[in-house]
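I opened this notebook to record what I looked up in the structure.

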Amino acid sequence: MVDSYGRALDYLRLSITDRCNLRCLYCMPKDGVEWKSHDAILSFEEILTSCRILANRGIRKIKITGGEFLVRKDAVNLIRKIKAVPGIEELSVTTNGLLLEPCLEELAAVPLSGINISLNTLSAQTFRRISGYDKPGYPAAVLQSIEHARSLGIPVKINCVPLKNININELVDIAALAEKTVDAVRFIELMPIGCAAKMESMQAEDIRAILEQHYGKLQRVKKNIGNGPAVYYSAAGFSGTIGMINAMTEGFCETCNRLRLTPEGLLKPCLSSDMTLDLRSLLRSGASDEYISKCIEEIIARKPAGHSFSGIYGNVKKNHTDKDMFRIGG
Ligand code: SAM
Ligand code: SF4
């Protein structure tokens, strides 16, 4: 699949649930949200049919996301089946890590090409403040799962969203995990979606300056790492890399290779656009694979050149209070 700007689309971010066991203050409203009913979200069967049709059109890599994908019953079973869809070469997941431990061996056996784990803090108090989760033992238990995943041979990347006045004093320590514990630590510029629309984003160049003060000059890594929009750097003595996802200040749309499918079956060619294709309705109306494939081709042709989070692509800057990252999947 190639869009009208010549970008080849081979990567799907597949959100299998809007539910989550955390309430990260930049993602999910503290008082919760009205969950989609069981019937409103795609069944396993519908997810697999969607993956099959998309794989026929050229999707080769899938990232399972949410909400928190592991709160969906039988998620690992679904993942195994998605991996078996002809054409799918790489399958990875993104998670907050809380429910990972008992599933790790099964996930390693799928096999996964990687796990991205959100870790915004190493402090129990700050973890409670960011995620609203107040059971003891976190994030220590997540760190243990990270080490366990690596011992099983699964590549691990950490995702951290730097938040002004909350976790900035920890960025150096979080980056240190790339020294020998994980394959990469990535810092993501906060995007103005949902709850985050009223928060201030910390800029990548400020994040890099903090890290360079401690680790010295970060060297840009030339070779491509992963399937995503991160720019990677190496630090002296580190076996892993440090990534920056400069969504707001530099953008990542020029090389965008992705589509998104929400739990309710909306196919989104762009994170910030309102344009969607309602795959659930098409599937439930009995539309043929050929017809659905044609509709996918039409929406891809309309994929915009760039996002509208910060105005860097020349489109009107917009705060996306009407969207939810826990539905879109990040
Ligand atoms: N629950 C899983 C997790 O937290 O990793 C997966 C879903 S979460 C929506 C996917 C990613 O989106 C996480 O790394 C999260 O930190 C990030 N995210 C959520 N809201 C964001 C925002 N407004 N700006 C930037 N990243 C965001
Ligand atoms: Fe849940 Fe992930 Fe959103 Fe946090 S960022 S509330 S863990 S979906």
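**Backbone exceptions**

I worked on a predicted model. I began in the loop between β2 and α2, where I located D74. D74 is not a glycine, yet I read a positive phi of about 70 degrees for it. For reference, I noted that most residues other than glycine have a negative phi, and that most peptide bonds are trans.

I then looked up cis peptide bonds. I found one from V110 to P111, with omega near -10 degrees. I placed P111 in the loop that lies between α3 (104–109) and β4 (114–118). A further cis bond leads from Y138 to P139, and its omega is near 5 degrees. I traced P139 to the loop between α4 (124–131) and α5 (140–151).

**The sheet**

I next followed the strand order. I recorded an open sheet of 12 strands with mixed pairing, running β7-β8-β9-β6-β5-β4-β3-β2-β1-β10-β11-β12. At its edges I found β7 (219–220) and β12 (277–278), each of which pairs on one side only. I kept in mind that strands of a sheet pair through backbone hydrogen bonds, either parallel or antiparallel.

I examined one pair in detail. Strand β8 (residues 231–234) and strand β9 (residues 241–245) run antiparallel and are joined by three bridges. Within this pair I saw that Y232 stands opposite G243 of β9.

I then asked which helices pack on the sheet. Helix α1 (residues 44–56) does, and I listed its contacts as β1 (11–15), β2 (61–65), β10 (258–261) and β11 (266–268). The direction of α1 makes about 170 degrees with that of β1. Helix α2 (residues 75–83) also packs on the sheet, where it touches β1, β2 and β3 (90–95). For α2 I noted a direction at about 155 degrees to that of β3.

**Ligand 1**

I counted 20 residues around ligand 1, of which Y26, G67, S118, M191 and M325 come nearest.

I looked for polar side-chain atoms facing the ligand. An N or O atom in the side chain of Y26 is 3.0 Å from an oxygen atom of ligand 1. For E68, I found a polar side-chain atom 3.3 Å from a nitrogen atom of ligand 1. In the side chain of T94, an N or O atom is 3.5 Å from an oxygen atom of the ligand. I then asked how much of ligand 1 the protein buries. Taken alone the ligand exposes 550 Å², and the protein buries 95% of that.

**Ligand 2**

Around ligand 2 I listed C20, L22, C24, C27, M28, G67 and N96. I classed this shell as five nonpolar and two polar residues, with no charged residues.

Conventions:
Residues numbered from 1 in each chain as written. Chains lettered and ligands numbered in written order. Predicted model: local features only at pLDDT ≥ 70, side-chain atom pairs only at ≥ 80, totals over all residues. Heavy atoms only, no water. Near = heavy atom within 4 Å. Polar contact = N/O pair within 3.5 Å; in protein donor to acceptor, adjacent residues only side chain to side chain. Areas by Shrake-Rupley, 256 points an atom, 1.4 Å probe, with all protein chains shown as cover. Nonpolar A, V, L, I, M, F, W, Y, C, P; charged D, E, K, R; others polar. Pairing = 2+ DSSP bridges. Helix = DSSP H or I, 4+ residues; strand = E, 2+ residues; numbered from the N terminus. Contact = heavy atoms within 4.5 Å. Axes fitted to C-alpha atoms, helices over the stretch in contact; angles between N-to-C directions.
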